[in-house]
Amino acid sequence: MTTLPNRPNTALLIVDVQNGVVDSSHNRDEVIANINTLLAKARSEAIPVVWIQHSSDELKPDSAPWQYVPELVREATEPLVHKRYGDSFEDTELETVLAEHGVGRVVVTGAQTDACIRSTLHGAMVRGYDATLVADAHTTEDLTAYGAPAPEQVISHTNLYWSWQEAPGRKGGTADTADVTF
């Protein structure tokens, strides 16, 4: 249903599952296991997998916190997109990578739910993509000390509101890992 012409394919996006991002995140191990399940499924179906890696003052390139978690292993043929902003499309090569693969729908996983995941979902939708959030394959840290809801509430709320997202010619939505289709 994407509004992007000649883009019938789907890609799996793995956003910011880096040591310094997820080391204290809610349900870290379960989320990473679900991403690994999706990764295996995407690879077996020859679905493009795009890795997205954030850099910042806290996530300096080549530092231990900047590295992807050891449980997730990128293949050399899978694109790696570097970013500095929440929206994985903003000032990156993501659009070019997706266009090269004929992608009009993205399946989004990773961290943090209330920052880069939300920004990337909205960024995809406004750029013409269909965007599916994997409901049990994204996470966030506990920011209740700063007035935020508990992580499980942030995740639940994001799943709730994204399940109904749509725009002219585009569709959002959520699916659990077991129900994801590419």
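Tutor: Let us begin with a cut-off: a residue is called exposed when its relative accessible area is over 50%, and buried when that area is under 20%. Please keep in mind that this is a predicted model.

Student: Why is aspartate 62 called exposed?

Tutor: Aspartate 62 has a relative accessibility of 64%, and the word exposed applies over 50%, so aspartate 62 counts as exposed. This residue lies in the loop between E2 and strand E3 (80-83), and its phi is positive, about 75°, although it is not a glycine.

Student: How do you know whether histidine 138 is buried or exposed?

Tutor: Its relative accessibility is 1%, and buried means under 20%, so histidine 138 counts as buried. Histidine 138 sits in strand E5 (residues 130-139).

Student: What makes the pairing of the side chains of histidine 138 and threonine 113 a polar contact?

Tutor: The distance given for that pair is 2.7 Å, and a polar contact requires N or O atoms within 3.5 Å, one able to donate a hydrogen and the other to accept it. The side chain of histidine 138 makes another polar contact with the side chain of asparagine 159, likewise listed at 2.7 Å.

Student: Why are H4 and H5 called roughly parallel?

Tutor: The axes of helix H4 (residues 113-126) and helix H5 (residues 151-162) cross at roughly 10° and come within 11 Å. Angles under 35 degrees count as roughly parallel, which makes H4 roughly parallel to H5. By class, their contact has six nonpolar, four polar and two charged residues; among those that meet are Thr113 and Leu121 in H4, and Ile155 and Tyr161 in H5.

Student: How do you know that the length of H4 agrees with what a helix should span?

Tutor: At 1.5 Å a residue, the 14 residues of H4 should span 20 Å, and its end C-alpha atoms are 18 Å apart, which agrees.

Student: Which residues of H4 are buried?

Tutor: The buried residues in H4 include Thr113, Cys116, Ile117 and Thr120. Following H4 comes glycine 128, whose phi is positive, near 105°.

Definitions and conventions
Residues numbered from 1 in each chain as written. Predicted model: local features only at pLDDT ≥ 70, side-chain atom pairs only at ≥ 80, totals over all residues. Heavy atoms only, no water. Helix = DSSP H or I, 4+ residues; strand = E, 2+ residues; numbered from the N terminus. Buried < 20%, exposed > 50% of the residue type's maximum accessible area, 1.4 Å probe, protein only. Axes fitted to C-alpha atoms, helices over the stretch in contact; angles between N-to-C directions. Parallel < 35°, antiparallel > 145°, perpendicular 65-115°, else oblique. Contact = heavy atoms within 4.5 Å. Nonpolar A, V, L, I, M, F, W, Y, C, P; charged D, E, K, R; others polar. Expected span 1.5 Å × (residues − 1).
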